[in-house]
Amino acid sequence: MFDRATFPRDKLCGDTVNPGTLARLRALGVAGEVESRGLRVDGMLLTGERGAAVEGRYPDGVWGRAILRRDLDWILLRHAVAAGCQLEPGVAVRRAVVEGSAKPRVVGVRISRGGREISLSAPIVIAADGRHSTLAFSLGLARHPGRPRRWAIGAYFEHFARPASDTSPTPVRYRADTPRIPQSTLGEMHVRRGRYIGVAPVPGGLTNVCVVKPSGPGDPSLADPGALLTRELTRDPRLRARAAGARLVAAPVVLGPLAVDAISAPIDGLLVAGDAAGFIDPMTGDGLRFAIRGAELAAAAALDTLAHGWPGVHARLAAARAREFAGKWRFNRALRALVASPRALDAATFGARVAPSVFRAVIAHAGDCAAAIERA
């Protein structure tokens with residue numbers, strides 16, 4: 001496994017492992033440290049324009065975890081190494097090594113190590129190198145679509161106040177030894193016209209705040225992401241008071257464009273996984289489940305290839321991904337369209353007031369609670 005980063009390292013993320021993702025980690029036998037180090041997430045607080053708010057609790061016995069992405073990735077990497085993986089951090093993959101023109105085949109990669117480039121051969125290369133995948137983009141297997149073009153701006157704050165008690169009928173529980181750090185909490189999604197704001201308490205008394213908004217090249221607001229975050233929090237009636245005493249603990253991170261479309265033109269020798277295989281701006285916190293479950297499917301495809309060769313592998317992997325993810329892809333697209341449409345957002349705000357049970361069901365679906373219950 002090659003990665004240009006050295007670990008542990010920071011990474012912009014919502015820092016929330018939803019119940020369905022946690023169920024997958026348990027099935028893989030790697031959830032123990034995530035459970036012990038992460039804050040328990042018992043549900044979601046969903047708010048809209050003009051004061052509408054719905055709190056949805058996950059079913060009894062079902063929860064997620066809030067954990068820093070740097071810690072989650074480091075936990076998973078250590079499990080991979082313990083299972084026999086050879087990790088080489090600080091090594092950049094420059095391009096795929098491809099043989100043949102009529103029927104090209106990936107036979108390895110070119111890497112940059114110690115100031116020089118070398119080639120390494122492999123019977124299977126798995127491109128799990130993110131939304132700006134060097135391998136997938138260079139081979140024409142991925143692209144950023146013209147629409148939607150959204151950017152994420154995220155940062156950690158200290159002293160970011162918890163929601164007012166009138167939005168949380170069940171009091172937030174705090175650890176006895178560290179009374180300022182919640183033992184269990186709610187994730188938050190604040191949907192506004194054309195944008196949304198995610199808020200997630202994380203271990204260590206910090207709060208992850210992330211704004212996702214339309215943007216593009218030359219957007220002046222991205223030149224000062226700290227000011228952008230402060231402005232969004234200050235102008236939001238529900239978040240203004242909570243952020244009044246908050247302080248940034250590090251420079252914000254800007255990421256975009258978020259969406260990635262996968263191109264259906266598979267090449268033997270190469271499997272694509274994670275965000276490189278397609279990324280849908282996951283308002284519901286599904287990004288980690290897509291990544292983890294997608295990695296399981298790619299691993300199964302690799303074993304299939306080693307046993308039987310390449311014929312039919314890509315088609316079977318695509319079908320497996322569609323069975324696993326198509327429903328949630330549609331769900332996420334529908335929520336994105338809701339944020340983009342003022343009229344739809346007004347209708348949803350009205351619906352939250354007159355039929356909050358519908359939105360609680362949406363929260364349960366967003367957290368993949370059915371998958372978590374099935375695994376329990």
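Reader: Which salt bridge do the side chains of Glu324 and Arg289 form, and what is the N to O distance?
Author: This is a predicted model. In it, the side chains of Glu324 and Arg289 meet in a salt bridge. The pair links distant parts of the chain, with Glu324 in helix α8 (residues 313–340) and Arg289 in helix α7, 35 residues apart. From N to O, the distance is 3.7 Å.

Reader: Is Arg289 buried or exposed?
Author: Buried means under 20% relative accessible area. Arg289 has a relative accessible area of 6%.

Reader: Which residues do salt bridges with shared partners join into one network with Arg289?
Author: Glu324 is one of the residues in this network. Salt bridges that share partners tie the group together. Besides Arg289, the network holds Glu324, Arg24, Arg293 and Glu296.

Reader: What span does helix α7 reach from its first C-alpha to its last?
Author: Helix α7 covers residues 287–308, which makes 22 residues. At 1.5 Å a residue, 32 Å is expected. The helix comes close to that, reaching 31 Å.

Reader: Which residue follows α7, and what is its phi?
Author: The residue after α7 is a glycine. Its phi is positive. The residue is Gly309, with phi near 90°.

Reader: How many residues apart are Glu88 and Arg113?
Author: The side chains of Glu88 and Arg113 meet in a salt bridge of 2.8 Å, N to O. Glu88 lies in strand β6 (residues 88–89), and Arg113 lies in strand β8 (residues 105–113). The pair links distant parts of the chain, 25 residues apart.

Reader: In which sense do strands β3 and β4 pair, and over how many bridges?
Author: Strand β3 spans residues 39–47, and strand β4 spans residues 53–57. Leu46 stands opposite Val54 in β4. The hairpin has 5 residues between the strands, and there Arg50 takes a positive phi near 60°. The strands pair in the antiparallel sense, over 5 bridges.

Reader: Which backbone oxygen lies 2.9 Å from a polar atom of the side chain of Arg65?
Author: Arg65 lies in strand β5 (residues 64–66). With a relative accessible area of 12%, Arg65 is buried. Leaving aside neighbours within four places in sequence, its contacts include Asp15, Leu22 and Gly38. The backbone oxygen at 2.9 Å belongs to Gly38.

Terms used: Residues numbered from 1 in each chain as written. Predicted model: local features only at pLDDT ≥ 70, side-chain atom pairs only at ≥ 80, totals over all residues. Heavy atoms only, no water. Helix = DSSP H or I, 4+ residues; strand = E, 2+ residues; numbered from the N terminus. Buried < 20%, exposed > 50% of the residue type's maximum accessible area, 1.4 Å probe, protein only. Polar contact = N/O pair within 3.5 Å; in protein donor to acceptor, adjacent residues only side chain to side chain. Contact = heavy atoms within 4.5 Å. Expected span 1.5 Å × (residues − 1). Pairing = 2+ DSSP bridges. Salt bridge = Lys/Arg side-chain N within 4 Å of Asp/Glu carboxyl O.
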